[in-house]
Amino acid sequence: MLGFLIRLLPFWIREPLIILVGTVFGVRILFMALVDGEGWVPAVIGAVFLLGAALRVRVVVHALRARRRRAPATEAELTPVTPAPVTPAVRRPVEKKPNAFAQASFAIGLFAVIGGALWIEGKLPEDGTAATGASRPAACRLDEDEELPSAYRSTPGAVTGADLCRALNRTELPELLGTPAERSVYASGTDNTAPLTDRKVAQPEARVEFETYTVELSATYNKLTVAQYAKLTTHGDGRDARKLTVLGRPALLTSDHMMKIQFDLGGGEGASGPVEQGPLARTLTVAFDGKDRGGSYDLTVWSESGLLPDDSALVDIAEAVLPRITRGARDQD
């Protein structure tokens with residue numbers, strides 16, 4: 001139906017419209033494939049859209065040339081004149097017209113080369129990851145349209161979920177986790193607030209998911225120190241708690257189970273149920289500074305299989321990620 005309506009449009013409206021739509025869609029799909037890491041299939045689709053737009057441009061150019069050749073006859077041309085004596089025609093060299101097939105082949109080949117180069121460039125490893133086989137991480141998904149909670153504006157130095165995701169979602173993260181062949185399949189950053197604080201305490205979070213592990217990084221801007229948190233842990237089940245120092249700051253390793261909630265979305269494949277105990281997670285809590293004046297970063301790792309990396313992996317990740325956390329994803333002034 002849409003194609004029939006498009007064919008009803010005049011030529012000089014239909015063709016520019018098709019060129020515009022094809023170019024916009026082609027560039028957008030190529031951007032998703034090469035920047036967002038969506039794979040090679042969208043790259044091919046985007047190249048096809050651009051190729052179609054280029055062929056339509058060629059059709060319009062030919063139509064413009066033909067229109068210029070058909071100039072209207074002037075009044076002098078319509079006035080009968082006395083025929084002049086016939087003189088022998090002077091043979092002029094034949095002008096070679098451009099080969100349409102050759103031009104179309106050249107355009108197709110050019111777009112194929114560009115598409116292939118962009119696809120290969122998207123598959124090349126970055127930041128020295130050729131030895132490990134790690135590829136470009138998934139792009140961070142952010143809630144940029146949502147207004148930043150007031151807790152962030154009233155907290156000096158508070159970072160956002162975008163800042164945390166930018167620092168955490170790095171190409172060397174799989175190697176630090178002990179799975180160098182994996183790549184992140186999902187990454188996000190959110191600007192949350194701490195629960196039970198009436199949205200007065202900023203608590204941004206970032207999550208990066210792999211096939212084996214999921215890593216979360218959060219920052220809590222409260223007055224609770226790591227030393228106080230360690231004392232609270234000893235009153236509970238603190239068998240796996242361990243104090244240490246990371247980047248010259250007090251730190252604490254703890255273990256806890258994630259929560260598992262099942263919802264019925266109407267597909268008949270599952271049923272809603274109560275909150276269940278999820279897989280075991282290991283968390284490294286690191287103070288904001290060496291004096292432990294309140295607030296901390298929490299780095300949590302878990303997997304659906306229940307497997308956990310060594311504690312040294314969490315320390316290595318914290319030492320690699322925390323110094324790279326900088327403000328800048330949003331203007332918080």
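Is C165 buried or exposed? C165 is buried, with a relative accessible area of 0%. Keep in mind that this is a predicted model. A few notes follow.

1. Start with the overall picture. The chain has 10 helices and eight strands. Of its 333 residues, 34% are buried. The chain exposes about 21,600 Å², and carbon and sulfur atoms supply 59% of that area. If you count contacts with a separation of 6 or more, 65% of them come from residues 24 or more positions apart.

2. Now the cysteines. The structure holds one disulfide, and this bond joins C140 to C165, with an S to S distance of 2.0 Å. As a reminder, a disulfide is a covalent bond between the sulfur atoms of two cysteines. The two ends are 25 residues apart and belong to distant parts of the chain: C140 is in the loop between α5 (100-123) and β1 (141-142), while C165 is in helix α7. The torsion about the S-S bond is about -95°, so the disulfide of C140 and C165 is left-handed.

3. How about cover for the two partners?

4. Helix α7 deserves a look of its own. This helix runs over residues 161-168, and seven of its eight residues are buried, so α7 is largely enclosed by the rest of the structure. The buried set is G161, A162, D163, L164, C165, A167 and L168.

5. Next, helix α3, residues 40-69. The buried residues of α3 are P42, A43, G46, A47, L50, L51, A53, R58 and V60. When you look at the spacing in such a list, recall that an α-helix has 3.6 residues a turn, so residues three or four places apart point the same way.

6. Last, have a look at the loop between β2 (186-193) and β3 (202-209), where L196 lies. L196 is not a glycine, yet its phi is positive, near 60°. D198 is in the loop between β2 and β3 too, and this non-glycine residue has a positive phi of about 55°. As for cover, L196 counts as exposed because its relative accessibility is 91%, and D198 is exposed as well, with a relative accessible area of 63%.

Note on methods. Residues numbered from 1 in each chain as written. Predicted model: local features only at pLDDT ≥ 70, side-chain atom pairs only at ≥ 80, totals over all residues. Heavy atoms only, no water. Buried < 20%, exposed > 50% of the residue type's maximum accessible area, 1.4 Å probe, protein only. Helix = DSSP H or I, 4+ residues; strand = E, 2+ residues; numbered from the N terminus. Contact = heavy atoms within 4.5 Å. Areas by Shrake-Rupley, 256 points an atom, 1.4 Å probe, with all protein chains shown as cover. Disulfide = S-S within 2.5 Å.
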